[in-house]
Amino acid sequence: MTSEKTTTSRAIVTIGILWVLLTAAGVLVSIYATPWLMPDSASNTMHMGILTMIIFSVAAAPVAALVYAVVLYALAKWRYTGEGIPPDGPSLRANSPLTMVWIIGSTALTLFLLVWGLSLLASDNSGQGGANEMTVNVTGQQWLWSFQYPSTASTQNGTPVSVSNEDLYLPVNTPIKFNVTSKDVDHGFWIVQMGIKINAIPDTITTTEVTPNKLGDYDIRCTEICGLNHSYMTTKVHVLTEKAFSNWLAAQPKHF
Amino acid sequence: MTSTIEHSTVSAPALGGGIYRRLNFGTALIAGVVFAVIAWWVAHSLLDSDGRGFSDQVMVITAVGWVVGFELGIGAFTSIGKWFTGRDQTHADEMYLAGKDAGQARYWRFTTDHKVVGVQYIVVTMILLGAGGLLAMGIRTNLLSPGNHFVNQQIYNSFLSVHGMLMILALIVAVAGPWANFVVPIMVGARDMAFPRLNALSLWTLVAAIPLLLGSLAVGGNDMGWVTQAPISNQSGVGFDLFAMAIITFTVSTTVAGVNTICTVLTMRTKGMTLERLPIFVWASSIAAALGLYAFPFFLVVMSLNISDRMNGTSFFIASEGGTGWLQENLFWLMGHPEVYVILLPAVGALLEITTVFARKPLFSYRTSIAGMAGLAGLSVLVWAHHMFTTGWAPALGGPFMVTTEMISIPTGIIFLVLLGTLWRGNIWMRLPMYWVFGFISNFIVGGITGIYLSDIPVDNQMHGTMFVVAHFHYVFVGSVLFGAIGALCFWYPKVTGRFLDERMGKISFWLVFIGTNVTFLAMFVSGLRGMPRRYSSYSLIFEHMNTVSTIGAYVIMAGMLVLLGAVISSWNKGEPSGPNPWGSKTLEWLVPTPVPLENFEVLPVITEDPYTYGEARTNS
Amino acid sequence: MNNEGESMSRYRSIAISIASVAVGAAAITLAGFGLASAAPHQATLVGTPLGRETVSVNGKAQKLNAVSLTMSAYPDSSFTNQPHSGNAHPDWVSYSNDRLEVPAHTVVHMTIKNYDGGGNLNNDFFRNVIGTVGGTAKFDGVTAKSWNPTPGDITTSVANIGHTFTLRGTIGNGPRLFVSVPLPANQTLTDSSYGQPVVVSFSFITGAAGVYNWNCEYPCGGSRLGQFGEAMSTFGYMSGTLTVK
């Protein structure tokens, strides 16, 4: 009987040490590898998204580490190396305290992730909807995006015209609201470095909002399979200073 | 006195089978083609060829002709016909149908013996995996470098759509088809399933669906992904109609099979086999079957409505005419999410069986594991809209679906608890099936955790529609379910054939598939994190290295699966003989001889304890 | 099992493993190439070299190599030398070529003859000439920034557009190549003859090497939704590739 207790306590201690080491490795990888692997952040939405990935990875590290620790120990110490069918092991049918701890622990972890995620979801649109919010109409069609700035709408010889473009230009630090629609089938409007994504649906207007906070050129890619040239339905977004943006907008010709 | 011995001829007992004697796979193929051609000609001549849905109507009616002809040709309707005319089956008929004394031929016809159906399902699964794997090689070869150097983007889109559907079908039946059929009736102590003819029907209906799915490639393919989202499904060519008819046919097959499994487990358990003495694989198969009965009718409905939009000019899914594409997505994912648990649960059940046998320990926390599986199944019907977070449908429901989806991690964690608890202090026998258990544990941790990332909406806003999602579900489908299916094959192979699957080839195959899976899909996670969308046939140069690595990994998986195929084929007749219970298991299927007799048991057993009595003193000798 | 029996079965196992992979890989490769070559296509149209030219780019003069490319757009697929062997859909609209090739960092003088009729675009953004040298194109000899011959009115039949040539692609992080030119409708098309085409010519400058993608943005295909099905959704009719070498 003592040898059984010693076996168990030795196993627990060794697995515990292994668990701590693997968790530490997992946490380090989560904190350093995640931002390195992900695209640059050009908006607060994206920054919070990357932070969420890090938090989720750090929370998952001990879970994965525990499973790998037990498995590695089992393969090292509990492997049967004899001939033929091994003898039976101990009849451990249940361990109610362990099961309770496991369920409560996983519930607590889930709740933590939920609270984080739900509060982030609720707060995401703060700062939007102010007086300086700019609207851009996004039209997806097979197989490219076009962008129209309704603030420039006017008429020319009785025809309504406004500025529209195949690349998206945006002023930095300004809340932007996108009204997205499609001319034919569903497309997915995704600004990669800003962490926003919404489907473009025919005869419907869907909306999303973001405030770009970094100058530069970023990518827009379509994320709903839309047919033949879905892979080519990509374009660029250029984030300029507010002055450079208004200069650009004023210099653009107006189209139908 | 002389006695005269008279020789009178005694007529042989009437041979059973009747018309079944003439029907087999060959007659089914011929009848299917004949009916398809007739249906095509009738539709083509009688329907308005200028009508908008004309080509779709013709294609759908041709597909119906094929299925009806195939089923007639295999004899699916024969017994119904007989019953209508008042001539039910004789005992000789039933014995013929069960394949008594029929040798190899019984595998090529409508045979009701559940063991024969199980073996037929193994072959069908291998065909589906092989065809899907071929297309996967096409996909990865095209993605070796950007620029569509292998196929053009239209062919690529068709490859990925049909690859997805073939593999989903393969995995739905991979464990449930062969093993819920072959093993479960013996495990519960029955002589066959509750509805033997429905069993054969479910297999042959699945076989009828496969040419329709492969045929869709031949008529121009379909380029909308396996999820056939409206509205693009409306725009697609006639390949979509064959695709949808294949699915509708499949849902009939799987519903029939699910009913059969549940009725067998509920009503045909032998004396003493209480629910608490059932092996965990039986529980897993039953829960999966029940979940499938809930989910697959949605599949039938969504495909029918989609076909109706194309054929009849209805506008269920056309926004400009009063419908909405969101309806299609909701109906589809109401099926789609429970379906992945229909796929997962039998594989988990099989792996748990294997673990008890190869660690020589009882299943840890039997009741909790059942509660975990039931919880998984129950919760899975509440999470479907997490596939629709970025579609713009009902943003207010994002929070609730996030909650239900993250809660699924709790029953999933119970599966790990049970697995690790069963391994704890066992005498782990590292034979071939056990390798796949450990591979599963490693892969399922990655697959499960990455699913949690996707359940969080701000993260999903970044990750939806990227290769991150593809890597996540491949870790679960390939890394977890396929590993479970292969483990189950290695485990029960000696029961089916009386020979071991060659250990060395099996281990070579395991390492190739395990390393290949991790290389392919870890690199895919990286490409998704960096911003590569999914279903892209060509990509920006910044993704090139990761894609090259993924493609090399895919070729390694291919090599591993080919080695496995070689092992299965070469060991069938030439493998090392195993005897009836080589693994020392305590479940009923191992206590009957190999090959298993037609009616499984000489005398139905009486059960006094569950099959996990490892390490316990016997209560009766 | 004696030692000899064991090693015999080891060699056998390994031999069967290698054979399985070899046979399987060969079968897969054959099937793969069979499937891949099922797509019909004709030879690549390579740009004809024209020597060196001086081109004004963003106000600065640059000396670049020049090539010329000529293709056509037809109202059906019955013209000679069309890209679809077996002519699977003779009544679908089609470009004359689906594979084009030009060198990198070159000015491409492109001429497209449109024989097809047309109507109204679903997005008037594509009436504009975008991405060409000078931002203009020549329509039957008349230089313009967009196709709208009756200013202020885009509803007359003269304003109809048959197709567009829209080229784009994203290769790495380099400068994008985006060119879109409308092809006005051919007013002389009748039921029995193609008539005289509308000739559109424009120039654009290629950047880095890569495979770019072009297609028409006019709803000239079939299907209930936006007319982007059928010809528009099938490779080789209204879309193709531009390989920049």
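Which residue takes a positive phi just after H13(B)? The residue is Arg360(B), with a phi of about 55°. The model is predicted: local features need pLDDT of at least 70, side-chain atom pairs count only at pLDDT 80 or more, and totals for chains, interfaces and linings use all residues. Residues are numbered from 1 along each chain as its sequence is written, while chains are lettered from A and ligands numbered from 1 in the order in which they are written.

Helix H13 of chain B covers residues 325-359. Helices here are DSSP runs of H or I with at least four residues, strands are runs of E with at least two, and both are numbered from the N terminus. H13(B) has 35 residues and reaches 50 Å from its first C-alpha to its last. That is close to the 51 Å expected at 1.5 Å a residue, where the expected span is 1.5 Å times one less than the number of residues. The helix bends by about 25° at Trp333(B). This bend is the angle between axes fitted to the seven residues ending there and the seven starting there. H13(B) is mostly covered, with 31 of its 35 residues buried. A buried residue has 20 or more other C-beta atoms, placed from the backbone, within 10 Å of its own.

Chain B as a whole has 21 helices and one strand. Of its 621 residues, 66% count as buried. Its radius of gyration, taken over C-alpha atoms, is 25 Å, which agrees with the value near 25 Å for a compact globule of 621 residues. The globule rule is 2.2 Å times the number of residues to the power 0.38. The C-alpha atoms of chain B fill a box of roughly 105 × 70 × 45 Å along the principal axes.

Chain B also meets chain A: 71 residues of chain B are in contact with 69 residues of chain A. Contact requires C-beta atoms, placed from the backbone, within 7 Å. Helix H16 (residues 409-423) of chain B gives the most to this side of chain B, with seven residues. Strand E1 (residues 79-80) of chain A pairs with strand E1 (residues 428-429) of chain B in the parallel sense over two bridges. Pairing needs at least two DSSP bridges. Tyr80(A) stands opposite Trp429(B) in this pairing.

Chain C comes to one helix and 13 strands. Of its 245 residues, 44% count as buried.

Key: Two residues are in contact if their C-beta atoms, placed from the backbone, lie within 7 Å. A residue is buried if 20 or more other C-beta atoms lie within 10 Å of its own, exposed if 12 or fewer, and partly exposed in between; C-beta atoms are placed from the backbone.
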